[in-house]
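Thanks for making the time this morning.

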Amino acid sequence: METIHTKENINGSVLKKFSTMQLLYFCLGFFGLQFAWQMRLALSGPVTEGLGADPLIYGLISLAGPFSGMVVQPIIGALSDKTTSRFGRRRPYLLGGAILASLALWAFPNSSFIAQFFGNSFGVVLAPWAGLAVAALMIWIIDACVNVAQGPYRALVPDVVPKEQHAIANSFLSFAIGLGSVVAAATPPVLSKVFHVQMSITAQFIMAAVAFSGAMIVTCIAIKEKQYIPQESNNQDKNSKETSFWHSLTDFLTTSPEIVKICLLQFFTWIGVMCLLLYFTLFVVHNLYNVPDVLPAGVDSALYDSTKLTATNFALISLALFNLVCFLVSIPIGVLSTKFGNKIVHAICMFIMAISYCILAFSHTNVMVMFAMGLAGIGWASILSLPFAMLSQYIKAGSEGSVMGIFNIFIAGPQVVVCTVVAWFINHSFVEKASGIFYHWEYAFIVGAVVLALAALAALTIKEKN
């Protein structure tokens, strides 16, 4: 295995250009991270729904992602900037986050068993909700640990990759995210269709745990970080520098007017993204396959459970296509952005994704859903690379981890809107039929189309450096 290294010390050094093989080793850990994240997003809805969660409760449980993103990433990013471990600045967080998340991934589908193991510890009142409470805790642990690994991982780009390769390095991360999601989403339905082996939910989460830890271990071995040596400064300089979060945030936003525009772009973008990632599987199960969200009293659920499993497999296939397109176009998008500029390419991709949401919201056939998800994958590839490439032009040396952590607030913050406002809206939008109660999950895609169009317009206002 070829070791990735820099020419000199990380402090102000000239960095060695990465080969294609080094870029592949560099992004392997992100493959594992996204593999696990794909399983968590695609299957957490059906798991929590089976434990009694309605759309609003599911949305509130899913606040784990944005909350940990807003709190964990800035803290871990700042800590990783100043970490002087002999294992490097970022690697301890990459590996630690992966291992802890893997343990929670194993526990999540076993939430009912874990709750039963503790017996009467929850009390008479809380006992019916014990399984859901354990599942919610596991989701929060998974999301927190993913964020522990993700922020420092993004900060590795300016740490060890030459500036002229930042766009292509972020595109390789997008490539890894697409590939990881494709493999994760496609494996269960392919095994079912081709080999007639239906993986259980528990088996799928164990698979995700192994992929996350294994891939991250390989990347941590392949990357050789130089030990961080803090810049010496006198006491007057130290006392003159505020280290509070709010000072860091203010300093970040006032560095350049373009940073504010990029943050606005991310705010709109991630409302749209989470409208799809959070609610797509439930949309397929309940709207496309007509499985009621709530069955009438006394109805045998065996037929519905069978249809629900079929619908979940189709949702995974659709998500696999979504991420396959991301995988295929991620490198070309990086090349096109180098030629025509990040903002132009990104704006076009956002408009395409908005159109795909409109198609999805009014889809009544599997073919229409697959077509819409393929189009959406183009926007997803751009989202995972180009905003970071635009931001990297304005990052001050030595603050990469802090900047990525703060920037993540404008990714995580919008998700709160999706987990609360959009979830509340869906929870109060339903139709009662003889076969049961159906929620309007498609409303999430209408909201997503509007905000993605706004994101495209915001991208066009950004002035990029040459």
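How many nonpolar, polar and charged residues does the lining of the second largest pocket have? Before I answer, please keep in mind that what you see is a predicted model. Sorted by class, that lining has eight polar residues, together with five nonpolar and five charged ones. The second largest pocket has a volume of about 440 Å³, and 18 residues line it, with Lys163, Glu164, Ala167, Asn342 and Gln393 lying nearest its centre. As for where the lining comes from, at least two residues each are supplied by helix H8 (166-194), helix H13 (302-340) and helix H16 (386-392), and the largest share, five residues, belongs to H13.

Let me turn now to the helix pair. Helix H14, which covers residues 342-361, packs against helix H15, residues 366-383, at an angle of about 155 degrees, and their axes are 8 Å apart. Because angles over 145 degrees count as roughly antiparallel, H14 is roughly antiparallel to H15. The crossing in which H14 passes H15 is left-handed.

If you want to find this contact on the screen, the H14 side includes His346, Cys349, Met350 and Ile352, and among the residues they meet on the H15 side are Phe371, Leu375, Ile378 and Trp380. The residues of the contact of H14 with H15 divide into 16 nonpolar and four polar, with no charged residue, whereas the lining of the second largest pocket, as I said, has five charged residues.

Note on methods: Residues are numbered from 1 along each chain as its sequence is written. This is a predicted model: local features need pLDDT of at least 70, side-chain atom pairs count only at pLDDT 80 or more; totals for chains, interfaces and linings use all residues. Side-chain values use heavy atoms; hydrogens and water are left out. Axes are lines fitted to C-alpha atoms, for helices over the stretch in contact, and angles run from 0 to 180 degrees between N-to-C directions. Helices (H or I, at least four residues) and strands (E, at least two) are DSSP runs, numbered from the N terminus. Angles under 35 degrees count as roughly parallel, over 145 as roughly antiparallel, 65 to 115 as roughly perpendicular and the rest as oblique. A crossing is left-handed if the near helix is turned anticlockwise from the far one by less than a right angle, and right-handed if clockwise. Contact means heavy atoms within 4.5 Å. Ala, Val, Leu, Ile, Met, Phe, Trp, Tyr, Cys and Pro count as nonpolar, Asp, Glu, Lys and Arg as charged, and the others, Gly among them, as polar. On a 1 Å grid over the protein atoms alone, a cavity is a set of points where a 1.4 Å probe fits but cannot get out, and a pocket is an open set with protein on both sides within 12 Å along at least five of seven lines; lining residues have an atom within 4 Å of a point. Grid points are joined across faces, edges and corners, and a volume is the space filled by probe spheres set on the points.
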